[in-house]
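Let's take a friendly walk through this model, starting with a helix and moving on to cores and charges.

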Amino acid sequence: MHYFNPLNVYYKSITGAIQENTPVIFRLKSNDSACYMVVIEDSTKEEFRYEMKKDNDTFFVELSFSVGLKWYYFELSNGKKLGKGENYNAEIQNKINFYQLTVYSRDYKVPSWLKGGVIYQIFPDRFYKSEKYKINTKKFVHENWFDTPVYKPNEDGQVLNNDFFGGNIQGIIEKLDYFKSLSVNAIYLNPIFKAFSNHRYDTGDYFVIDELLGDENDLIELIEKANRKGIKIILDGVFNHVGDDSIYFNKYGNYDSVGAYQNTNSKYYSWFNFIDYPNDYESWWGIKTLPQVDKNNIDYINFICGENGVIERYTKLGIGGWRLDVVDELNGNFVKKLRERVKTNNKNAIIIGEVWEDASNKVSYGERREYFLGKELDSVMNYPLKNAILEYVTKKDEKALLSVVLEQLNNYPKIVLDSLMNILSTHDTIRLISALSGININGLTKEQQEKIKLNNIQKNDSIFLVKIASLLQFTLYGVPSIYYGDEVGMEGFTDPLNRMCFPWKNENVVLLNWYKFLGKLRKNYKAFNDGEISILLAKNGAFVFKRENINSNVLVCVNLSNDEINLSFDGEVKELISTKVFNNSAIQKTNSFGIYVKN
């Protein structure tokens, strides 16, 4: 018999990631008389062995570590090895599955203001059009707010994304009370800098707000009025590439500048890697409208991260932080310098990276990333949890969800866990209600996808699943992020069908009220700020967990199993959805969910 689980504080005295040079005790229970060693491997692949002392049936050792990722397992004197098994329990293995240990800097601080809050993501062109701002542009702007965005290629076979609807910054300002009703404390804006396209990931000029959205004064007004309501503005930082139609590249001569495409003597020429000047150059994923920037170029680094650079300019305006687009394509040195500049101007500005995998151990372009060691990111978009929640809700299989939760509890620093950007859909993915509809779009053209509308039965079934998914999103560790319109049942499959305009006056009120309820839940119970999480049951389609700190204790029960679940409590509790009161016990019926707090 042997037992070890690093997510139990008895067996690893500090669960999850640990601070550098902080003593941590490893304990392993065993009735084996053989001697145990803990074997630690660092990033150099060198192994270090530490003998464990014995106290009755428990072997133990106290160690401390320098900053970096470590991996470990246990070894008996007879040569047998114990590695990570199911649900992080140790098991004897021939081929070792290492445990990960993340060791982060003592100086690592993550802004606390986001914890316990709610993020709201806006695709600026499609949220709300204020009549206070009059558009003066030659670009094509739809007259009908409810048109479908153009997705068909032009005569050259290109989808230019150059149709607009006129959503603007003043429109966001006019809806600040709407965000307050959802308990939002951060608004994340997709790019707002001048660009050719409607998505604006092809930056034209970092120092100019796109004319269709407003100007810098509008942005300042938004920041100031949002701040008064306890809401911070997070900007999208797109620093891996720019637009070919930009002041920096100027392929079409639309800017009053000498761009890199026009002349090798351009001050921007060294920013780009030309293969065969001028028409063959490195671009993002081979998309020639998005020339890639050399992030090692000192002039570009200073332009973005230096004094009076892009980061300083907008951070000084009072924004709440940055979301970094494709951060895994920015090298570590660039991200570190970016963080230095952000924190120099505002130590409470948050830095969130776009990472689609486990961000604690990601390897990208041959480089082991150091996002959570203290000098790069504060948080990431939580794609692994998104995928796991949707998998659980649609297939009633809790295994994937449990696996991701345990992995993140073990690998991520607690200060990061509390601030993770928990998404369920974004501008890059299928909308939530459509993803949960059960409709298979594999092989369907966008024209076919556009015609798919949920009927009443499909919509009601999907709304039920949206409620479960969002309940998990709002009550597990991290901060929920609502993609504009998900809270009112907006449908949409692949881009740009997931970027339709917000359906003002046609909202699904049932869903909207549910999201308002979830937002108030987070405000009312401080366990959702930084409370510990305990998984009480994850079996046969059921997922039950508890969040608690000194201020509150909340039990969340989702039962997608075929059997009722008997819940036991110490005294009287209230179920917050039904508002029913239970004494010592409650039954959670199949295909239902509940939120229980002490009454």
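## Helix, cores and charges

In helix 12, the buried residues are Ser 462, Ile 463, Leu 465, Val 466, Ile 468, Ala 469, Ser 470, Leu 471, Leu 472, Gln 473, Phe 474 and Thr 475. Buried means under 20% relative accessible area, exposed over 50%, and partly exposed in between, with a 1.4 Å probe and protein chains only. Helices (H or I, at least four residues) and strands (E, at least two) are DSSP runs numbered from the N terminus.

Please keep in mind that this is a predicted model, where local features need pLDDT of at least 70, side-chain atom pairs count only at pLDDT 80 or more, and totals for chains, interfaces and linings use all residues. Residues are numbered from 1 along each chain as its sequence is written, and side-chain values use heavy atoms, with hydrogens and water left out.

Helix 12 covers residues 456-475, and its end C-alpha atoms are 28 Å apart, in agreement with the 28 Å that its 20 residues should span at 1.5 Å a residue. That expected span is 1.5 Å times one less than the number of residues.

The largest nonpolar core has 154 residues, and Tyr 120, Phe 179, Phe 239 and Trp 322 have the most contacts inside it. Its largest share, 8 residues, comes from helix 12. Apart from this core lies another of 15 residues, among them Leu 114, Ile 234, Met 381 and Val 479. Such a core is a set of buried Ala, Val, Leu, Ile, Met, Phe, Trp, Tyr and Cys residues joined through side-chain atoms within 4.5 Å.

Now to the charges. A salt bridge is a side-chain nitrogen of Lys or Arg within 4 Å of a carboxyl oxygen of Asp or Glu, and by this rule the count comes to 33. Here are some of them:

| Pair | Closest N and O atoms |
|---|---|
| Lys 45 and Glu 41 | 3.9 Å |
| Asp 325 and Arg 323 | 3.1 Å |
| Lys 362 and Asp 328 | 3.4 Å |

Lys 362 lies in the loop between strand 22 (350-353) and strand 23 (363-364), and Asp 328 in the loop between strand 21 (321-324) and helix 6 (332-345), so the pair ties together parts that are 34 residues apart in sequence. Both Lys 362 and Asp 328 are buried. Lys 45 is exposed, at 60% relative accessible area, whereas Glu 41 is buried, at 10%. Salt bridges also link Asp 236, Arg 323, Asp 325 and Glu 354 in a network.
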